[in-house]
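Me: I'd like a close look at one part of this protein, please. Pick a spot and walk me through it, along with whatever sits around it.

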Amino acid sequence: MKKALIILALLFPFLSTAQNKIDEIFKDQGEVFFSFELQDLSQLESYNQIISLDHNMELPTIYAYANKKQFADFLDRDIDFKILPKPGDRINAKMITKAEWEALKSIDCNHSWDAYPTYDLYETLMEEFAMNYPDICVLEEIGTLPSGRKLLTLKITDNVNIEEAEPKFFYTSSMHGDETAGYILLLRYIEYLLCNYGSDAHLTELVNEIEIWINPLANPDGTYTNNDNTVNGATRSNANFIDLNRNYPDPEAGPNPDGESTQPETAASIAFHESHHFDMSCNMHGGAEVVNYPWDTWAVQCADHHWWEHVSNEYADTCQANSPNDYFDDFGTGVTNGYEWYSINGGRQDYVCFFEHGREMTLELSDQKLLDENELLEHWEYNFPSLINYMEQSLFGVRGIVTDSLTTEPLVAEVFISGHDVDNSQVYSRLPHGNYHRYLKEDSYDLTFSADGYISKTIRVYIVENAIQYVDVQLAKVLEVDVNKIVSSSLLSIFPNPTQSILHFSMQTNGAQKMGIQLFDIVGRVVMQKEFLCDQAILNGQLDLSKLQSGTYIVELSNSESSVYRKISVY
Ligand SMILES: [Zn+2]
């Protein structure tokens with residue numbers, strides 16, 4: 001007992017010192033930015049579990065963010081660290097207010113985009129885009145946060161109020177609230193699309209042919225941490241000091257991989273994805289200058305690794321051609337596989353690719369996170385041709401409509417490539433049109449289309465780079481024949497059997513009614529269908545089978561209550 005008291009007495013000052021230290025650090029902030037040195041990089045993964053590693057590493061120096069709870073876990077590791085100024089800690093970011101913007105009305109479509117809007121102006125801009133271009137632009141609220149700030153997205157396309165059989169494409173930015181370049185670039189991108197619609201032929205075609213969705217600000221509480229009128233002090237995390245890019249379900253680590261509850265931003269984003277099923281998307285960040293393609297969570301290559309290299313290099317090469325030598329050159333090429341850079345769990349990119357069967361890349365736009373206002377102009381020039389190219393890629397590859405062979409009703413079908421698809425890389429056609437969009441590197445592929453209750457169909461497709469290949473597919477229903485009925489029914493007589501051309505049939509009925517006759521081939525595809533009106537107790541009719549290939553067929557005669565079947569041969 002005495003011994004235990006002595007140990008406690010000895011420990012207590014240390015415990016209270018550590019707690020005091022944490023209380024002091026988090027006195028005025030909910031998130032801290034710091035660095036530490038790691039000699040054994042194999043431990044990186046274990047740190048990844050407790051704090052939010054930043055990708056801006058200068059090994060062996062590691063940079064990271066943590067909230068109070070995470071930082072306490074970090075201190076348990078007993079490793080030296082240095083608290084640093086936060087990347088979002090600026091004192092004089094140039095802001096533009098609603099009133100100042102209103103005064104610029106005369107230069108609509110020609111704004112300079114060299115300042116950060118106040119939060120109120122941001123909401124106004126999004127509303128005005130939709131109001132000023134109602135034929136091609138509508139505003140949809142993804143969700144409202146407990147703070148009252150909104151997650152807003154614009155849908156931009158022709159026939160904007162109806163769903164067409166087009167690829168769905170999504171740009172989103174700044175889920176890390178202090179990584180702001182993409183926020184302004186996307187506002188400007190929206191204006192660029194809307195203002196040039198009808199005059200720029202290429203842009204007009206893209207708007208007409210793609211269903212474009214844009215969410216410039218995915219974490220408004222992080223960007224406007226201090227108040228609605230400034231981005232000074234922007235945080236990486238949301239209002240609960242949770243890193244949203246560690247908060248998604250993970251292919252490897254499962255749901256809530258960060259041990260935190262699903263945040264309102266994450267929940268709203270997941271619901272948004274589940275209702276729209278985007279074919280391609282891009283999530284914008286800052287702190288580096290590189291395209292990061294899947295996977296982030298594990299070392300395996302994704303099925304469409306070569307396609308990812310193609311579109312990523314196209315982005316980076318175009319970007320480098322439009323910028324000075326030292327821009328967008330991380331990893332030399334401006335392109336990296338996520339896991340090869342550093343592994344994360346709970347990221348948005350892997351969630352979209354694995355759980356939503358989408359194609360999402362992570363785009364790091366600027367080494368400086370809260371980018372200087374005057375650099376916003378240059379970064380637009382560097383990036384907008386690449387942003388258009390990447391969006392245009394959503395048109396390419398193989399696409400088409402999957403329908404029921406008989407009724408032409410659109411179907412939800414799986415599009416799977418045997419020997420190629422792995423880790424949920426297959427895609428699905430969707431209603432109301434049954435359209436599918438599959439992006440593939442130039443080569444030939446066997447696409448298997450399958451849907452519940454239908455016979456699967458495999459089609460060889462030749463893909464040409466940056467081109468569209470249309471393949472519409474009709475699937476035939478599987479025939480569910482009760483074999484007993486084929487042999488037992490004596491109500492139906494058919495002759496001659498086998499037949500070469502005319503098939504006569506005669507069937508006892510319960511009086512006047514409508515009768516249907518269908519002919520199926522041996523794998524269940526409907527090859528002929530006819531209706532007869534029967535006005536007496538016996539139905540007599542005939543079918544001309546002279547156009548059918550020789551083989552075995554099944555005849556089904558049915559009324560509203562029952563069916564009888566008979567096997568016939570055509571020669
Ligand atoms: Zn980020």
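Reply: Let's start with strand 19 (residues 443-450), which pairs with strand 20 in the antiparallel sense over 7 bridges. Before going on, note that this is a predicted model: local features need pLDDT of at least 70 and side-chain atom pairs count only at pLDDT 80 or more, while totals for chains, interfaces and linings use all residues. Residues are numbered from 1 along each chain as its sequence is written. Strands (E, at least two residues) and helices (H or I, at least four) are DSSP runs numbered from the N terminus, and two strands count as paired if DSSP finds at least two bridges between them.

One of the residue pairs here is phenylalanine 449 with lysine 457, its bridge partner in strand 20. Zoom out a bit and you get an open sheet of 4 strands, antiparallel, in the order 17-16-19-20. Strand 17 (427-428) and strand 20 (457-463) are at the edges with a single partner strand each, so one side of each has no neighbour in the sheet.

Now for valine 398, which belongs to strand 15 (residues 397-404). Leaving out residues up to four places away in sequence, valine 398 touches Arg438, Leu440, Leu447, Val461, Ile463, Gln469 and Val471; a contact means C-beta atoms, placed from the backbone, within 7 Å. Valine 398 has 22 other C-beta atoms within 10 Å, so it is buried (20 or more is buried, 12 or fewer exposed, in between partly exposed, with C-beta atoms placed from the backbone). Isoleucine 468 is 70 residues away from valine 398 in sequence, yet the two are 6.1 Å apart in space, C-alpha to C-alpha.

Note on methods. Contact = placed C-beta atoms within 7 Å.
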